[in-house]
Amino acid sequence: MAHSGAQGVVKERMEMMKDIASQMKALSQMIKGEREFDSDGVREAASVIADHARDIPMMFPEGSNEHPSEVADAVWERWSEFVALGELLGTRADALAEASESAGNATDVRPGFTEIGKTCLSCHQDFRVGG
């Protein structure tokens with residue numbers, strides 16, 4: 001429903017964020033033991049997140065916060081901070097993908113997952129309307 005009426009880059013951005021959320025959900029299910037741990041699955045999910053993180057700057061052209069976008073004006077007012085959070089997301093997702101290579105269980109990847117979640121939360125609090 002939130003995507004209803006979205007077009008162009010706003011729709012693409014919403015779909016990208018929806019995919020990141022989907023990857024985080026799959027990771028969360030493994031971390032919580034609701035789904036069997038799969039190091040390849042962790043690596044794939046983290047890699048998708050990292051790839052999306054690299055696309056963040058081009059997905060937020062100035063003025064692309066028309067309805068139904070939930071982007072706050074702070075994105076453009078504090079652009080360098082916003083871009084730095086996107087870069088941090090990519091770095092943390094890459095680190096999780098790398099950690100998955102030697103992970104034997106969910107406990108081994110929990111810290112990396114937690115750091116990605118903190119980055120998402122920080123960005124949403126500062127740069128999304130309604131947090």
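Entry 1. I looked up helix α1 (residues 8-31) against helix α5 (residues 106-127). The model is predicted. The axes of α1 and α5 come within 10 Å and cross at roughly 140 degrees. I noted the crossing of α1 and α5 as left-handed. On the α1 side I listed Met24, Leu27, Ser28, Met30 and Ile31 in the contact. They meet Ala106, Val109, Arg110, Phe113, Ile116 and Gly117 of α5. Sorted by class, this contact of α1 with α5 holds 8 nonpolar, 2 polar and 1 charged residues.

Entry 2. I then took α1 with helix α2 (residues 39-55). Their axes are 9 Å apart, and the packing angle is about 155 degrees. Angles over 145 degrees count as roughly antiparallel, so I recorded α1 and α2 as roughly antiparallel to each other. The crossing of α1 and α2 is left-handed. From α1, the contact takes in Met16, Asp19, Ile20, Gln23, Met24, Leu27 and Met30. From α2, I wrote down Gly41, Val42, Ala45, Val48, Ile49, His52 and Asp55. The class count for α1 with α2 is 9 nonpolar, 3 polar and 2 charged residues.

Entry 3. Is Lys25 buried or exposed? I put Lys25 down as exposed, because its relative accessible area is 54% and the cut-off for exposed is over 50%. I also looked up Lys25 against Ala45: they are 20 residues apart in sequence, and their C-alpha atoms are 9.6 Å apart in space. Ala45 is one of the α2 residues in the contact with α1.

Definitions and conventions: Residues are numbered from 1 along each chain as its sequence is written. This is a predicted model: local features need pLDDT of at least 70, side-chain atom pairs count only at pLDDT 80 or more; totals for chains, interfaces and linings use all residues. Side-chain values use heavy atoms; hydrogens and water are left out. Helices (H or I, at least four residues) and strands (E, at least two) are DSSP runs, numbered from the N terminus. Buried means under 20% relative accessible area, exposed over 50%, partly exposed in between (1.4 Å probe, protein chains only). Axes are lines fitted to C-alpha atoms, for helices over the stretch in contact, and angles run from 0 to 180 degrees between N-to-C directions. Angles under 35 degrees count as roughly parallel, over 145 as roughly antiparallel, 65 to 115 as roughly perpendicular and the rest as oblique. A crossing is left-handed if the near helix is turned anticlockwise from the far one by less than a right angle, and right-handed if clockwise. Contact means heavy atoms within 4.5 Å. Ala, Val, Leu, Ile, Met, Phe, Trp, Tyr, Cys and Pro count as nonpolar, Asp, Glu, Lys and Arg as charged, and the others, Gly among them, as polar.
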